[in-house]
Amino acid sequence: MTGCYEYPKAARFGRVVPKSKIYEAGNLTAKQRQRFVDQVDQINWAYKLAPETINLSGTPGVPEIQVFEVRLRGSKIDSEILNAIDKAIHFPILFELKKDDERKLIAAYKRPSEADASKWVVSEYFEANWEPVDKSRLSLPRTLDLGALYDNVLKELMPGAALEGETLQKRVSRIEEIRAKERDIDRIKSRLAREKQFNKKVAINAELRAATAELKSLEEG
């Protein structure tokens with residue numbers, strides 16, 4: 001797993017983002033807004049990685065990369081909160097979460113929709129481990145443009161290894177399928193634990209074996 005990066009001083013943006021702006025852009029329900037209040041202390045638009053601030057050219061999918069510092073009130077944040085911020089800002093975002101004296105990097109793979117270029121598709125989130133805030137930051141990967149920089153940072157956050165010839169988008173899709181299958185397996189195991197009838201347990205066990213085989217196939221490609 002990667003850690004947090006050192007960003008160029010020229011890219012410093014340093015503006016607090018009012019939560020109300022995210023509420024409006026994301027059309028959040030009252031329940032979602034309350035979750036925001038409960039989990040998020042402050043959102044800071046910390047850095048703007050753009051051609052004029054980092055000396056790397058943009059690409060159609062990654063014209064800029066934004067870095068948001070999100071200070072938490074507790075120890076966790078729901079992915080739907082990060083998703084609301086991602087949907088409100090029409091650029092790829094790297095989130096740096098902060099709690100007490102720890103921090104960690106988290107990001108989704110975000111790309112323009114093929115059906116509507118004005119909209120963005122946001123994947124599930126990939127994250128590093130929590131680390132002390134006083135730990136030395138990593139140098140950004142050396143790349144030729146912002147698109148490659150974004151890809152390299154995401155690859156460092158992703159679990160497992162890429163399959164031979166696998167594109168980033170296909171790798172993201174496969175990881176999402178793996179996570180969905182893992183959740184499916186957990187549900188099957190819960191049903192198995194609750195079931196008392198022998199015949200039904202046999203059927204659920206068969207279902208569990210099939211799901212486990214499918215998971216292995218996804219992991220191995």
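Modeller: Aspartate 100 is exposed, because its relative accessible area is 72% and the cut-off for exposed is over 50%. Keep in mind that this is a predicted model. Where does aspartate 100 sit? Find strand E5, residues 93-99, and strand E6, residues 102-112; aspartate 100 lies in the loop between them. Now check its backbone. Phi of aspartate 100 is positive, about 50 degrees, although the residue is not a glycine.

Next, go to asparagine 55. Its phi is near 65 degrees, a positive value, and asparagine 55 is not a glycine. This residue is placed in a loop as well, between helix H3 (51-54) and strand E4 (65-72). Buried or exposed? Asparagine 55 counts as exposed, because its relative accessibility is 73%.

Now try a residue in a helix. Glutamate 80 belongs to helix H4, which covers residues 79-88. Its relative accessibility is 32%, so glutamate 80 counts as partly exposed. Which residues does glutamate 80 touch, leaving aside neighbours within four places in sequence? The contacts are Gln32 and Arg35. Look at arginine 35 in particular. Along the sequence, 45 residues separate it from glutamate 80. In space, their C-alpha atoms are 9.6 Å apart.

Now for a pair of helices. Helix H2 spans residues 30-39, and helix H1 spans residues 19-26. Two packed helices are described by the angle between their axes and by the distance between those axes. For H1 and H2, the angle is about 155 degrees and the axes are 11 Å apart. That angle is why H1 counts as roughly antiparallel to H2; the cut-off is over 145. Their crossing is right-handed. Who makes the contact? H1 brings Lys19, Ile22 and Tyr23, while H2 brings Arg33, Phe36 and Val37. Sorted by class, this contact has 4 nonpolar and 2 charged residues, and no polar ones.

Finally, step back to the whole protein. Its secondary structure comes to 7 helices and 9 strands. The C-alpha trace spans about 65 × 45 × 40 Å along its principal axes. The protein has 221 residues, and 43% of them count as buried. Take the contacts between residues at least 6 apart in sequence: 66% of these join residues at least 24 apart. The accessible surface comes to about 12500 Å², and carbon and sulfur atoms account for 48% of that.

Conventions. Residues numbered from 1 in each chain as written. Predicted model: local features only at pLDDT ≥ 70, side-chain atom pairs only at ≥ 80, totals over all residues. Heavy atoms only, no water. Helix = DSSP H or I, 4+ residues; strand = E, 2+ residues; numbered from the N terminus. Buried < 20%, exposed > 50% of the residue type's maximum accessible area, 1.4 Å probe, protein only. Contact = heavy atoms within 4.5 Å. Axes fitted to C-alpha atoms, helices over the stretch in contact; angles between N-to-C directions. Parallel < 35°, antiparallel > 145°, perpendicular 65-115°, else oblique. Left-handed = near helix turned anticlockwise from the far one by under 90°. Nonpolar A, V, L, I, M, F, W, Y, C, P; charged D, E, K, R; others polar. Areas by Shrake-Rupley, 256 points an atom, 1.4 Å probe, with all protein chains shown as cover.
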